[in-house]
Amino acid sequence: MPKGYWVSVYRTISDPEKLAAYNELAGPAVRAGGGRLLVRGGRVVAQDAGIAERTVLIEFDSFEQALAARESEAYQEALVALSDGVERDFRIVEGID
């Protein structure tokens, strides 16, 4: 069964305090949903039209698990804390296998 991934690329971080509050809630919510953090921040080299900002990659055992974790009550609470603190491109994608 193909794995599922959350891919977040932050365009701007306008409120670091909201991001910190989100991180406090999102980490446990992601782990409870079966997610494993593979990339968070770190060095980025943007190519072509890429954005050299914070990038996050989270792996789940399946695409369906990734979808369910995003819709969980715990993660929804994290999104409320984040609100308008960042502008990001968030995607849930299916792996190859």
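**A strand residue, a core and a helix pair**

Guide: Let us start with Glu59, which is found in strand β3 (residues 55-60); helices (H or I, at least four residues) and strands (E, at least two) are DSSP runs, numbered from the N terminus. This is a predicted model, in which local features need pLDDT of at least 70, side-chain atom pairs count only at pLDDT 80 or more, and totals for chains, interfaces and linings use all residues. Residues are numbered from 1 along each chain as its sequence is written, and side-chain values use heavy atoms, with hydrogens and water left out.

Visitor: Is Glu59 buried or exposed?

Guide: Buried means under 20% relative accessible area, exposed over 50%, and partly exposed in between (1.4 Å probe, protein chains only). Glu59 has a relative accessible area of 11% and is therefore buried.

Visitor: With which side chains does the side chain of Glu59 make a polar contact?

Guide: A polar contact is a pair of N or O atoms within 3.5 Å; within protein, one must be able to donate a hydrogen and the other to accept it, and residues adjacent in sequence count only if both atoms are side-chain atoms. The side chain of Glu59 has such a contact with that of Lys3 at 3.3 Å and with that of Tyr5 at 3.0 Å.

Visitor: Which residues have the most contacts inside the largest nonpolar core?

Guide: A nonpolar core is a set of buried Ala, Val, Leu, Ile, Met, Phe, Trp, Tyr and Cys residues joined through side-chain atoms within 4.5 Å. The largest one has 17 residues, and those with the most contacts inside it are Trp6, Tyr10, Leu19, Tyr22, Ile58, Phe60 and Tyr75. At least two residues come from each of β1 (4-13), α1, β3, α2 (63-71) and α3, and α1 gives the most, with 5 residues.

Visitor: How are two packed helices described?

Guide: They are described by the angle between their axes and the distance between the axes. Axes are lines fitted to C-alpha atoms, for helices over the stretch in contact, and angles run from 0 to 180 degrees between N-to-C directions. Here α1 (residues 16-32) and α3 (residues 73-82) pack at about 175 degrees, with axes 8 Å apart. The two helices are therefore roughly antiparallel (under 35 degrees counts as roughly parallel, over 145 as roughly antiparallel, 65 to 115 as roughly perpendicular and the rest as oblique).

Visitor: Where is Leu25 placed, and what does Leu25 touch?

Guide: Leu25 lies in helix α1 and is partly exposed, with a relative accessible area of 30%. Not counting residues up to four places away in sequence, Leu25 touches Glu77, Ala78 and Ala81, where contact means heavy atoms within 4.5 Å.
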